[in-house]
Amino acid sequence: MSDELPEMRASDAERERVAEVLREALAEGRLGMEEFQERLDDTYRARTRGELVPLVRDLPHYESQNAAASAVPQEARAAEGSAAPSLRKKRRWAERIGGRATSRWGVGIMGGFGRKGEWTVPRVFTGVGLMGGGELDLRDARFEERDVVIRCFALMGGFSVTVPPGVGVEVRGVGIMGGFDSSASGLAEPEAPRVVITGLAVMGGVGVERKLPRDEKLQLRAERRERRELERRERREDRRESRERRRGHGGPHGPHGEYRGIERHHGSERRRASERRRGGEGRDGDDGYGGRSGGKSL
């Protein structure tokens, strides 16, 4: 992307490259989850290149000098030939859509229920909580269809819905002396599922949040450990080279060693002179100037 053509229409490929830069920034901790989702929504809503530029201008993998390869993450290109999974690679949403639903409803009465791990979200899931609630974790789930609806009905209870980055979220629920959290609402990535959360909460609530899947968290931690280990090795190497340079220039025959030898010589001379003066002053009857003391005063 180039600032010289702000009105040039953005292509789907350019939007996806910007999304890759944002995912990279999220993985490195440069963006929080909320800011990442806001920028991702603006990315897929952008119509021109000029609208995409501000979204990645402050990120390190943005290449402002290359209009043809605008906002292409440098490290992603280096890893294109790798078969290992990486946070930098596009999520394969198509592989997670389809299959038979494993659960279509859940009830929590003065207690709770949970749906997490590798389960298949139905086209419509209904949860009921009476002085209780449920936890729905979609990070590792499959989806029966691309568009799913989660209906939550809570009376003096609540529900927690966790979705991974990239999944579209729309909150339509109604709260009476309670509420539905819409802070995680956002558009979906291309081919990603879309989740609509609706229902009714009376003296209760429904919370929605975005979190990375467990395997991506583990991979992110491993990458951070590798970066820290590499930084430690570089620091150790720098310290070793610094010590070698000091030894090379500060030995007994080097300029610094010669200077320290002169200083030690002068210091020894000063100490001997001081001892001679103290010894002369300490002799009985000697005033320190070769005369005698103790005579009668006039």
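Guide: Contact means heavy atoms within 4.5 Å. This is a predicted model, in which local features need pLDDT of at least 70. Residues are numbered from 1 along each chain, and side-chain values leave out hydrogens and water.

Visitor: Why are helix 1 and helix 2 called roughly antiparallel?

Guide: Helix 1 (residues 12-27) and helix 2 (residues 33-45) pack at an angle of about 175°, with their axes 10 Å apart. Because angles over 145 degrees count as roughly antiparallel, helix 1 is roughly antiparallel to helix 2.

Visitor: Which residues of helix 1 meet helix 2?

Guide: Among them are V18, A19 and L22 of helix 1, which meet residues of helix 2 including F36 and L40. By class, this contact of helix 1 with helix 2 has 8 nonpolar, 1 polar and 4 charged residues. Ala, Val, Leu, Ile, Met, Phe, Trp, Tyr, Cys and Pro count as nonpolar, Asp, Glu, Lys and Arg as charged, and the others as polar.

Visitor: What makes a residue of helix 3 buried?

Guide: A residue is buried when its relative accessible area is under 20%, with a 1.4 Å probe. In helix 3 (residues 49-56), R49, L52, V53, L55 and V56 are buried.

How values were computed. Predicted model: local features only at pLDDT ≥ 70, side-chain atom pairs only at ≥ 80, totals over all residues. Axes fitted to C-alpha atoms, helices over the stretch in contact; angles between N-to-C directions. Helix = DSSP H or I, 4+ residues; strand = E, 2+ residues; numbered from the N terminus. Parallel < 35°, antiparallel > 145°, perpendicular 65-115°, else oblique. Buried < 20%, exposed > 50% of the residue type's maximum accessible area, 1.4 Å probe, protein only.
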